[in-house]
Amino acid sequence: METSTASRFMKTKELAVLIRKSPEAVRQMRHRGEGPVGTRHGRDVLYAVADVERWLAAKTAGDPLAQRAIAA
């Protein structure tokens, strides 16, 4: 997974691009507890790349259609 910086963290906008959602959708997911864990640093919310990868893996594991695509 690449981000625009060589960092272990990504900002809300970078996560939004990765999952093809708007930054506002990512914020709503975070507030509902549906997205990866984010930590506020000043005005920004940062997401650890490792947490994002785990969250995406869990989403894939819980999706029956994704599992069929992996098995094929």
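The legends below describe several close-up views of one predicted model.

Residues are numbered from 1 along each chain as its sequence is written, and side-chain values use heavy atoms, with hydrogens and water left out. Because this is a predicted model, local features need pLDDT of at least 70 and side-chain atom pairs count only at pLDDT 80 or more, whereas totals for chains, interfaces and linings use all residues.

**View 1**
The secondary structure comes to 4 helices and 3 strands, where helices (H or I, at least four residues) and strands (E, at least two) are DSSP runs numbered from the N terminus. Read along the sequence, these elements follow the pattern β-α-α-β-β-α-α. Of the 72 residues in the chain, 26% are buried, the term buried meaning under 20% relative accessible area, exposed over 50%, and partly exposed in between (1.4 Å probe, protein chains only). Among contacts in the chain with a separation of 6 or more, 42% join residues 24 or more positions apart; contact here means heavy atoms within 4.5 Å.

**View 2. Helix 1 and its buried residues.**
In helix 1 (residues 12-19), the buried residues are Thr-12, Glu-14, Leu-15, Ala-16 and Ile-19. They pack against strand 1 (9-11), helix 2, strand 3 and helix 3. Thr-12 has a relative accessible area of 10% and is therefore buried. Leaving out residues up to four places away in sequence, Thr-12 touches Pro-23, Val-26, Arg-27, Val-45 and Tyr-47.

**View 3. The crossing of helix 1 and helix 2.**
The axes of helix 1 and helix 2 come within 8 Å and cross at roughly 100 degrees, the axes being lines fitted to C-alpha atoms, for helices over the stretch in contact, with angles that run from 0 to 180 degrees between N-to-C directions. Helix 1 is therefore roughly perpendicular to helix 2, on a scale where angles under 35 degrees count as roughly parallel, over 145 as roughly antiparallel, 65 to 115 as roughly perpendicular and the rest as oblique. Thr-12, Lys-13, Leu-15, Ala-16 and Ile-19 in helix 1 meet Pro-23, Val-26, Arg-27 and Met-29 in helix 2. By class, this contact has 6 nonpolar, 1 polar and 2 charged residues (Ala, Val, Leu, Ile, Met, Phe, Trp, Tyr, Cys and Pro count as nonpolar, Asp, Glu, Lys and Arg as charged, and the others, Gly among them, as polar).

**View 4. The loop between helix 1 and helix 2.**
Arg-20 lies in the loop between helix 1 and helix 2 (23-32), and its phi is near 60 degrees, a positive value in a residue other than glycine. Most residues other than glycine have a negative phi. Arg-20 counts as exposed, because its relative accessibility is 79%. Ser-22 is placed in the loop between helix 1 and helix 2 as well, and with 38% relative accessibility Ser-22 counts as partly exposed. The C-alpha atoms of Ser-22 and Thr-12 are separated by 9.1 Å, with the two residues 10 residues apart along the chain.

**View 5. The crossing of helix 1 and helix 3.**
The axes of helix 1 and helix 3 (residues 49-61) come within 13 Å and cross at roughly 30 degrees, and the two helices are therefore roughly parallel to each other. Their crossing is right-handed, a crossing being left-handed if the near helix is turned anticlockwise from the far one by less than a right angle, and right-handed if clockwise. Leu-15, Leu-18 and Ile-19 in helix 1 meet Val-52, Trp-55 and Leu-56 in helix 3. The residues of this contact divide into 6 nonpolar, no polar and no charged.

**View 6. The largest nonpolar core.**
Met-10, Leu-15, Ala-16, Ile-19, Val-26, Met-29, Val-45, Tyr-47, Val-49, Val-52 and Trp-55, 11 residues in all, make up the largest nonpolar core, defined as a set of buried Ala, Val, Leu, Ile, Met, Phe, Trp, Tyr and Cys residues joined through side-chain atoms within 4.5 Å. Helix 1, helix 2, strand 3 (44-48) and helix 3 are the elements that give two or more residues to this core. In soluble globular proteins, nonpolar side chains tend to be buried together.

**View 7. Trp-55 and Pro-36.**
Not counting residues up to four places away in sequence, Trp-55 touches Ile-19, Met-29, Glu-34, Gly-35 and Pro-36. Pro-36 is found in the loop between helix 2 and strand 2 (39-41), and at 6% relative accessibility Pro-36 counts as buried. Leaving aside neighbours within four places in sequence, Pro-36 is in contact with Leu-15, Tyr-47, Asp-51, Val-52 and Trp-55. Pro-36 and Val-52, 16 residues apart in sequence, are 5.6 Å apart in space, C-alpha to C-alpha.
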